[in-house]
Amino acid sequence: MKFKGLTDSEVNASREKHGSNVIPDSEPTTFWDEFKETFSDPMIKILLVIAALMIVMFFFGYAEIYEPIGTIVAVLIVALVSAKTGVTSDTKYRELKNSTKKDQCKVYRNGEITVLDVDDIVVGDKVLLQGGDKIPADGILVSGSLSVDNSVLNGESDECKKRAASEDADFPEEITGDTFVDAHSMFRGAVVFDGEGVVDIKKVGISTMMGRMAEEMQEDEPDSPLKVKLSKLANQISIFGYIGASIIAILYFAYFIISAGGPGVYFDQGAQFIITDIVRAVSLAVVIIVCAVPEGLPLMISLVLMQNTSKMLAHNVLVRKAEGVETAGSLNILFSDKTGTITKGMLEVADFFIGDGRSLAISELGNYGKLKELVDLSIAKNTQSMFDHDHNIIGGNATDQALMKFIGEEAFNTLADNADYKVESFQSFNSKNKFSQARIDSVGKTFYKGAPEKLLANATKYLDENGNIKDLDMMVLNRKIDELASKAMRILAFGYSEKKLIENEINEDIVIIGLAGIRDDVRSEARDAIREVQNAGIQVVMITGDRMETAIAIAKDAGLLRDESDRALSSSQLNEMSDEEIKAVLPNIRVIARALPTDKSRMVRLCQEMNLVVGMTGDGVNDSPALKRADVGFAMGSGTEAAKEAGEIVILDDNFASIKDAILYGRTIYINILKFCKFQLAINVTAVIVSAIAPFFGVTEPLKVTHLLFVNLVMDGLGAIMLGNEPALERYMEDKPRRRDESIVSKSMMAQILCASAWMTCISFVFLKHSFFINLFENTKQHLTGYFVLFIVMALFNGFNVRDERFGIFKGLNENTGFLKVFCIIILVQAVIVNAALVPLAPFAWIGNMFSCEPFGIIGWIAAALLAVTIIPFDLIRKAVMGGEK
């Protein structure tokens, strides 16, 4: 035995010095952690402050307990829903992970080969690797030769040939994209495709490349763009509410002084009287703050994200983290892995051509009987691949499997079952000869498959599509080969000889049957999806571990490289550039080749420093750190568990087109949130103005605290269903991306809110002060109850206005059936509250008293409804005059 391996004492010493091979897992998500996280939301903090103030006032007898209790209940619902969603996603992932058996490897220890868990490997171990084994740690190949699949590390499916180095060879300290494909270096997570060898372990655990990726994944994720925008909105609302409340409290106190006949007269009334007025002014100020804060917004966002999370499954998009859907709609730049995302992730025949350089449609090869038969024989009888009972291709290398897929299972089985096509002698492909050959005596031919330069050196004839032998024009054929090579295709030639097989030699009478261009081809649907995403104003950058020539060829085919200003950079070029230099050319970057995982994370970081919202797609371990660091990570469904854990969204069908759908739905969610903000803020601004001004006109409390509770919780909670399910419109993909720190409330949105609030305020005072409307009711309590009805119904009609920025406010109601249902439910609930006193039961009497409502006649309801509906023609006129957003 050449290797004896480490002894037990040497293993312990190595583990003590270099550490273990365990890569720490991320901490599991707990319900309590997720629950607490909710309270970091700025809007939630404001709600809790309001609740605390109301509780204090309740104990002093100046407020009802309903409002703080209702607010606290709403906050708890938001926290519970968010925590349950987060824990459920994490638990499902960990259950799947724990059900998977730990990887093991064969290692030399104490003079014999032992099978151990990969976690037990230490620096200095000699690990025996064979076809199908996963490399357990980073090291140097010191014996044998291997073909390695590094795709989980660098994202590329090309086989990487490894050969033995000396045992004292140093493992490279600086890892670049080229290190993955050098002659000796081996990396944890890569898979041995073929061969046998021994690797000397040099790095274990978090010191391996995969360990370094895992460490990056432990870093805190940036706040989502929605959270940033909501924080800004919360700050704006706080300033508006607090300043407004202070001003109103001061003015209200001044009103008391003036009403009393001046400062002297007022202050002569005594301290107790003055303190009472101060408390009344402060009480009004708190009501103003309650009016200003949109209590229903956090609940609405939680509900909308939950609703769309389930809806996205129909589009092959699994949302692991709910905020990821909205963030997808805010993307400015999308970094996409090449292999398996833009391309199909496997080698296949992309072009078949004959000796005169003409390509034949692959789907029509069956029409050329003799040519097709000889192509099938040169592949099916000259390969190490085959179809198994489950119709899967097994054996051989990636090229063999691509060719087997090319001829198809039916052709392979037909030839395999035909005893006339018995192979008398066979020589497999090797790197020295660069061809394989098989002799079939029954047809009197030796078939060849190999590098074009090998076969063409001994060929002067070729078969045309009809099976006729013709003279080769080498200049024409070489021009075609060069053309396909420039498109990153690997060319293979097929030929036959009438002579017997001679080992390690190609006969001199070769007739070229045809040639095939093989590559990991671009998905046809990816081209269209990339174009749509680009048209949405999103910069798409392909970031790949492949060589520059291949990357450029694929990028051109996919529609990424189109203009002269478009740039393709390599990992080494990036490393020579400073952060500022990269930022300067970033808008023109379309391709990054030979990329390392650290390159991906760096690019994400730089984009975020430029205030861009960044997306990253990927499927391998190599993509995981960048997926986690990005604002939204799109993991492919067929990818590694590490990638799925890191991403917010899993694309179940690995289809770039599904990413486009996620972006569309993300934009729809954000637009629906804006609709709700218009809906709710118009209500809140109106409530603030009316509550602040009404006392100066003799109406002390037009809206009770319980009325505000109904508006902010019941109505807004159901409003989330009304507006949260508005349909996704393709025209949303024509909008330009939004900045990360862009305010939720734009100028046009503010104009709509203020105009609607102004009209609702005017209508409110007409109803409250005009004698015509006062005389419709028997007493003041009925009149104020009527105003409660007017306020709610008017707000509901304004819900139609916010549905569309133009004039199509009634369009698409059939696609959002919940809108009219909720509209009717809210009116029905209010009718029950208003008329509760008519029911001779204690609970209904309690409801009537809680909301300070007294039943009134049908005339009052009709008057309130007619006044309320005027908000619709008013806003249509506003849109016609001011113009809606396009």
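User: How many salt bridges does a search of the whole structure find?
Analyst: The search turns up 41 salt bridges. Keep in mind that this is a predicted model.

User: OK, pick one. Which residue does R358 form a salt bridge with?
Analyst: R358 pairs with E465, and their closest N and O atoms are 2.6 Å apart. The two come from distant parts of the chain, 107 residues apart. R358 is in the loop between β10 (348–353) and β11 (359–360), while E465 is in the loop between β17 (459–463) and β18 (469–471).

User: And E465, buried or partly exposed?
Analyst: E465 counts as buried, because its relative accessibility is 17% and the cut-off for buried is under 20%. R358 is partly exposed, with a relative accessible area of 38%.

User: What about K449, which partner does that have in a salt bridge?
Analyst: D400, with the closest N and O atoms 2.9 Å apart. K449 belongs to strand β16 (residues 445–450) and D400 to helix α14 (residues 398–407), so this pair ties together parts 49 residues apart in sequence.

User: Are those two buried or exposed?
Analyst: K449 is buried, and D400 is buried as well.

User: Which residues are linked in a network of salt bridges?
Analyst: That network links D579, E580, K583, R602, R605 and E609.

User: Changing topic: sheets. What's the strand order in the open sheet of eight strands?
Analyst: It runs β8-β26-β25-β24-β9-β21-β23-β22, and the pairing is mixed. At the edges are β8 (317–319) and β22 (567–570), each of which pairs on one side only. From one strand to the next, the twist averages 20°.

User: In which sense do β9 and β24 pair?
Analyst: Parallel, over three bridges, with β9 covering residues 333–336 and β24 covering residues 614–618. Within that pairing, I333 in β9 stands opposite V614 in β24.

User: Now S658. Where does that lie?
Analyst: S658 is in helix α25 (residues 656–693). S658 counts as buried, since its relative accessibility is 4%.

User: Which residues does S658 touch, not counting those up to four places away in sequence?
Analyst: H315, N316, V317, I651 and D653. V317 there falls in the edge strand β8 (317–319).

User: And Q104, which strand is that in?
Analyst: Strand β1, which spans residues 104–109. Q104 is partly exposed, at a relative accessible area of 41%.

User: What's Q104 in contact with, leaving aside neighbours within four places in sequence?
Analyst: Q104 contacts V115, L116, D117 and V118.

User: How far is the Q104 C-alpha from that of R320?
Analyst: Those C-alpha atoms are separated by 30 Å, and the two residues are 216 residues apart along the chain.

User: Let's look at the surface. Which residues form a nonpolar patch there?
Analyst: F31, L48, I72, L76 and L80 make up a nonpolar surface patch, with about 370 Å² of accessible area together.

User: Which helix gives the largest share of the nonpolar patch?
Analyst: Helix α4 (residues 66–98), with three residues. L80 is found in α4, and it is partly exposed at a relative accessible area of 43%.

User: Last bit, the overall picture. How many helices and strands does the protein have?
Analyst: There are 33 helices and 26 strands. The C-alpha atoms fill a box of roughly 120 × 70 × 55 Å along the principal axes.

User: What share of the residues counts as buried?
Analyst: 55% of the 886 residues. The protein exposes about 37300 Å², and carbon and sulfur atoms supply 57% of that.

User: And what share of the contacts with a separation of 6 or more comes from residues 24 or more positions apart?
Analyst: Such residues account for 73% of those contacts.

How values were computed
Residues are numbered from 1 along each chain as its sequence is written. This is a predicted model: local features need pLDDT of at least 70, side-chain atom pairs count only at pLDDT 80 or more; totals for chains, interfaces and linings use all residues. Side-chain values use heavy atoms; hydrogens and water are left out. Patches are made of residues with over 30% relative accessible area and no salt bridge: like charges are joined within 9 Å, nonpolar side chains (Val, Leu, Ile, Met, Phe, Trp, Tyr) within 5 Å. Accessible areas come from the Shrake-Rupley method with a 1.4 Å probe; for residues, only the protein chains shown count as cover. A salt bridge is a side-chain nitrogen of Lys or Arg within 4 Å of a carboxyl oxygen of Asp or Glu. Helices (H or I, at least four residues) and strands (E, at least two) are DSSP runs, numbered from the N terminus. Buried means under 20% relative accessible area, exposed over 50%, partly exposed in between (1.4 Å probe, protein chains only). Two strands pair if DSSP finds at least two bridges between them. Axes are lines fitted to C-alpha atoms, for helices over the stretch in contact, and angles run from 0 to 180 degrees between N-to-C directions. Contact means heavy atoms within 4.5 Å.
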